[in-house]
Amino acid sequence: MTPLPLEGITVVSVEQAVAAPFATRQLADLGARVIKVERPGGGDFARRYDTTVHGEASYFVWLNRSKESLSLDLKTEKGREILHRLLADADVFVQNLAPGAAARLGLDAESLAISYPSLICCSVSGFGSGSSWSSRKAYDLLVQCQTGLVSITGTPDEVAKAGISVADIAAGMYAYSGILTALFTRATTGQAHPVEVSLFDALGEWMAQPAYYTRYGGTQPPRVGAQHATIAPYGPFAAADGKDVLLAIQNEREWVSLCATVLEQPDLAEDPRFATGSARVAHRTELNAVVAARFATLDSDEAMKLLDRANIANSSVNTVDDFLNHPVLAERDRWRDLDIPGATVQALLPPVQLGTIPARMDAVPAAGQHTEAILTALGYDADDIAGLRADGTTDKERTQP
């Protein structure tokens, strides 16, 4: 069997919620061994975000397949001893603890580099280090607000958050690519560099286009619902059967084709109000009225057939259920069975495929499921393990005042 790309790489992660678990899950997809350290008494709090997936949380099932779960209390001497024994043989350490917690536990990159010079340490935080905001908590929606994303999302009358955890996802993606870069650098130079990612910086990068538009255009992009803020026509229009059809004009050739084939008004292409992209955005209201009037005479299938004939990108406005049943997913065999505690569910393959190398799609662990096996591999005997409670303390520690 072809080895997976990251086989032989061990990742130890003191992680919770979304950003860090998303990064490490992708490392696990590529074959890395990921040991997920969870607090006693329930583990990662994302396990309790909801109970919709056969009693498990949808977030946790998404983010934690192919990992080993180790229950460990890092506030105890024994818990920290076990963690350091794991770090001695690990390649990567990932943490997204609360501000200041890693340093208090001696798990910051600077401290770990002294003991483990070949260990790649990745820190995922809210606002990064070195500012007065470094000690602030930062959840996804807070960062959406701080970066201005919420101010450009929604309708003219009301702002809206993005429907998914975009700040967490952005940070998780940059942590993942940063770790891969650090592994490559270590392999080619012998040096292990720390990786630092913040939700604020990650989403800030994704806000670059509206930031440029605002700084150099003098005003930020308007909130226009499901329409594109700086391209027109680009958005959904209601067809005669009540269904919405989205169309996307990207250039002047497509605009001319839309006018001739779909709107059946070829002269409209030369109308000064609509002749350029900037003019169409400036006269969005009049333009939308023309397109909406035409779509009101067509059912959704007719509208999409005309758009296809004009070679203009278009789409129905799907629900999540529509997505789950999308023919592209079925025809490309994108679903796989995934074991979770007490059940089997369907999960999508990772979006990146490396030739014929198969994706790793192992089970989602129960909290602390692999504790005994990991401790045994570290050399703890049956008596040692029996003396360790789930909270990571020994019987001796519990009897001390």
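**Close-up views of helix and strand packing**

**View 1. Packing of α10 on α13.** Helix α10 (residues 252–262) packs against helix α13 (residues 300–309) at an angle of about 130°, their axes lying 9 Å apart, where axes are lines fitted to C-alpha atoms over the stretch in contact and angles run from 0 to 180 degrees between N-to-C directions. The two helices, α10 and α13, are therefore oblique to each other, the term for angles that are not under 35 degrees (roughly parallel), over 145 (roughly antiparallel) or 65 to 115 (roughly perpendicular). In contact, meaning heavy atoms within 4.5 Å, L258, T261 and V262 of α10 meet L306, L307 and R309 of α13. This is a predicted model, in which local features need pLDDT of at least 70 and side-chain atom pairs count only at pLDDT 80 or more, while totals for chains, interfaces and linings use all residues. Residues are numbered from 1 along each chain as its sequence is written, and side-chain values use heavy atoms, with hydrogens and water left out.

**View 2. Packing of α1 on α7.** Helix α1 (residues 19–29) and helix α7 (residues 166–189) pack at about 45°, with 7 Å between their axes, and α1 and α7 are therefore oblique to each other. From α1, A19, F22, A23, Q26 and L27 meet a set of α7 residues including I169, M173, Y176 and L180.

View 3. Strand β3 (residues 67–71) has 5 of its 5 residues buried, so it is largely enclosed by the rest of the structure; buried means under 20% relative accessible area with a 1.4 Å probe, protein chains only. K67, S69 and S71 cover one side, E68 and L70 the other. Strand β2 (residues 33–38) runs parallel to β3 and is joined to it by 5 bridges, with K36 having S69 as its bridge partner in β3.

Conventions. Helix = DSSP H or I, 4+ residues; strand = E, 2+ residues; numbered from the N terminus. Buried < 20%, exposed > 50% of the residue type's maximum accessible area, 1.4 Å probe, protein only. Pairing = 2+ DSSP bridges.
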